[in-house]
Amino acid sequence: MTTTTYAVTGMSCEHCVNAVTSELSGLGGVSAVTVELVPGGSSSVTVASAVPLSADAVSAALDEAGGYQIGR
């Protein structure tokens with residue numbers, strides 16, 4: 001089991017939280033997703049998974065959820 005926290009930009013509301021949670025939960029091996037929303041800033045998104053996820057897979061899921069991005 002691995003847990004990784006990402007700083008995600010572009011999230012502003014509970015709808016964003018639900019969309020991100022849904023898309024990331026759909027990735028293979030993901031067992032839990034928690035979001036600490038910071039509207040207009042960098043929200044903390046923590047993903048627990050059986051194996052480490054590739055940055056590309058996480059980025060693609062965030063983009064699909066609504067154009068959110070991992071903060072730089």
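## The β2–β3 hairpin

In this predicted model, strands β2 and β3 form a hairpin with 5 residues between them. Within that hairpin, G40 takes a positive phi near 80 degrees.

β2 covers residues 30–36 and β3 covers residues 42–49. The two strands are antiparallel and are paired over 6 bridges.

## Pairings of β1

Strand β1, residues 2–9, also pairs with β3. The two run antiparallel and are joined by 8 bridges. Here T4 stands opposite V47 of β3.

β1 has a pairing with β4 as well, a strand of residues 69–70. This pairing is antiparallel too, with 2 bridges. V8 has I70 in β4 as its bridge partner.

## The nonpolar core

Which residues have the most contacts inside the largest nonpolar core? They are M11, V20, L24, V45 and Y68, in a core of 18 residues. Two or more residues each come from β1, α1 (14–25), β2, β3 and α2 (55–66). The largest share, 5 residues, is given by α1.

## Contacts of V45

V45 is one of the residues with the most contacts inside the core. Leaving aside residues up to four places away in sequence, V45 touches T4, T5, Y6, V8, M11, V20, L24, V33, T34 and V35. Among these, M11, V20 and L24 are also on the list of residues with the most contacts inside the core.

How values were computed. Residues are numbered from 1 along each chain as its sequence is written. This is a predicted model: local features need pLDDT of at least 70, side-chain atom pairs count only at pLDDT 80 or more; totals for chains, interfaces and linings use all residues. Side-chain values use heavy atoms; hydrogens and water are left out. Two strands pair if DSSP finds at least two bridges between them. Helices (H or I, at least four residues) and strands (E, at least two) are DSSP runs, numbered from the N terminus. A nonpolar core is a set of buried Ala, Val, Leu, Ile, Met, Phe, Trp, Tyr and Cys residues joined through side-chain atoms within 4.5 Å. Buried means under 20% relative accessible area, exposed over 50%, partly exposed in between (1.4 Å probe, protein chains only). Contact means heavy atoms within 4.5 Å.
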